[in-house]
Amino acid sequence: MVLLELADRLLLMPGAPGLRVEAAPGEEIPLDGTNLAWRGLAAALGTQPAQVCLALEKRIPASAGLGGGSSDAAAAWRLGRRALAAPDAATAEDLASLADLGADVPFFAARVAAAHVTGIGEVVTPLDAPSPDHAVLAFPSFRLSTAAVFGELRPADLTAERPDRNDLLAAVLRLRPELGDLMRQVSDAGGDPCLTGSGSTIFALTDDPERAAAIATELRRAGVRVTETRLRGEPAQILELDEATLDAGAPAPSMG
């Protein structure tokens with residue numbers, strides 16, 4: 001697993017307890033206790049949050065295989081720990097506990113740029129930070145449920161012969177064969193198409209910024225929604241903001 005420059009933004013503020021979310025139209029983000037960010041905050045505090053408001057600005061599409069909800073859970077956990085004046089560096093015990101929220105959450109809580117993740121997500125073995133390759137993300141018009149993809153997974157889909165291959169691809173294509181069309185579009189645009197997690201995003205990596213821009217341009221001409229980003233070499237940091245900074249740059253949640 002590796003980090004991307006693409007990230008959501010979370011803000012923990014004193015005040016009446018609640019969750020506020022700003023997201024793109026059509027994004028189905030839970031606004032109750034099932035929201036992963038809220039659950040991560042509650043896990044850090046050891047109880048349901050009181051006298052704090054968590055604002056979440058979504059930039060990562062939901063159900064796209066990019067770990068958006070999982071990274072939110074880990075970030076909110078760190079914010080909750082910081083609010084308690086407790087260390088926000090996760091121990092092995094913390095990682096095991098956070099795996100209950102989701103298999104990807106421990107990776108984001110471990111604060112590493114890249115890792116080999118095993119077990120049910122709780123065993124995070126750091127790897128060297130990736131080179132700052134450019135990533136082109138291509139989004140289909142639909143989302144995929146992780147549970148549905150794993151439910152479609154068959155023993156024959158699993159292989160140790162291609163460690164660079166996503167074993168979920170066959171299951172994803174059985175559920176949504178049209179994703180193969182998007183992969184062909186990425187290939188025709190000059191990229192090497194790969195599936196993110198359980199999908200539905202298709203990505204291509206390159207160390208050439210001009211090639212990345214050309215791939216993205218061709219896909220946009222074909223009507224594909226595209227985001228250009230890069231692999232991240234270090235985890236995100238927590239910033240403590242004063243009132244003036246909050247007034248100038250805090251998210252303006254539209255739902256809550």
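**Entry 1: the sheet around β6 and β8**

I looked up strand β6 (residues 134-139) and found that β6 and β8 pair in the antiparallel sense over five bridges. For pairing I required at least two bridges between two strands, as found by DSSP. Strands here are DSSP runs of E of at least two residues, helices are runs of H or I of at least four residues, and both are numbered from the N terminus. This is a predicted model, in which local features need pLDDT of at least 70, side-chain atom pairs count only at pLDDT 80 or more, and totals for chains, interfaces and linings use all residues. Residues are numbered from 1 along each chain as its sequence is written, and side-chain values use heavy atoms, with hydrogens and water left out.

Which residue of β8 stands opposite V136? I found A204 there. I also noted that A138 has I202 of β8 as its bridge partner, and that I202 is the bridge partner of L195 as well.

I then traced the open sheet of four strands: its order is β7-β8-β6-β9, with antiparallel pairing. β7 and β9 (225-230) stand at the edges with a single partner strand each, so one side of each has no neighbour in the sheet. β7 and β8 pair over two antiparallel bridges. Their hairpin has six residues between the strands, and G197 there takes a positive phi near 45°.

Is β8 enclosed or open to the outside? I recorded four of its five residues as buried, so β8 is largely enclosed by the rest of the structure. I used under 20% relative accessible area for buried, over 50% for exposed, and partly exposed in between (1.4 Å probe, protein chains only).

Helix α7 (residues 179-188) lies across β6, β7 and β8, at about 20° to β8. Such angles run from 0 to 180 degrees between N-to-C directions, with axes fitted to C-alpha atoms, for helices over the stretch in contact. Contact means heavy atoms within 4.5 Å.

I next looked up the largest nonpolar core and counted 23 residues; V136, L179, I202 and L219 have the most contacts inside it. A nonpolar core is a set of buried Ala, Val, Leu, Ile, Met, Phe, Trp, Tyr and Cys residues joined through side-chain atoms within 4.5 Å. β6, α6 (169-175), α7, β8 and α8 (209-221) each give two or more residues to this core.

What does L219 touch, leaving aside residues up to four places away in sequence? I listed V136, A138, Q185, V186, A189, V224 and V226.

**Entry 2: the sheet of β1, β2 and β3**

I found three strands forming an open sheet in the order β1-β3-β2, with mixed pairing. β1 (9-14) and β2 (18-22) are the edge strands, each pairing on one side only. From one strand to the next, the twist averages 15°.

β2 and β3 pair in the parallel sense over five bridges, and G18 stands opposite C53 in β3. Helix α1 (residues 36-45) lies across β1, β2 and β3, at about 145° to β3. Helix α2 lies across β1 and β3, running at about 30° to β1.

**Entry 3: the hairpin of β4 and β5**

Strands β4 (residues 115-118) and β5 (residues 123-126) run antiparallel and are joined by four bridges. V117 has V124 in β5 as its bridge partner. The hairpin has four residues between the strands, and G119 in the turn has a positive phi of about 70°.

**Entry 4: backbone exceptions**

Most residues other than glycine have a negative phi, and most peptide bonds are trans. I looked for departures from this.

S63, not a glycine, has a positive phi of about 50°. S63 lies in the loop between β3 (52-57) and α2 (68-83) and is partly exposed, at 43% relative accessible area. A85 is not a glycine either, and its phi is positive at about 60°. A85 belongs to the loop between α2 and α3 (92-98) and is exposed, at 73% relative accessibility.

The peptide bond from G199 to S200 is cis, with omega near 20°. S200 lies in the loop between β7 (194-195) and β8 (202-206).

**Entry 5: aromatic rings**

How many aromatic pairs does a search of the whole structure find? I found one. F107 and F108 form this pair, which is edge-to-face: 5.1 Å centre to centre and 65° between the planes. I counted rings of Phe, Tyr and Trp (its six-membered ring) as paired if their centres lie within 6.5 Å, with planes under 30 degrees apart as stacked, over 60 as edge-to-face and the rest as tilted. Both F107 and F108 are buried.

Last, I noted that the charged end of R176 sits over the ring of F142, 3.8 Å from its centre. For this, NZ of Lys or CZ of Arg must be within 6 Å of the ring centre and within 35 degrees of the ring normal.
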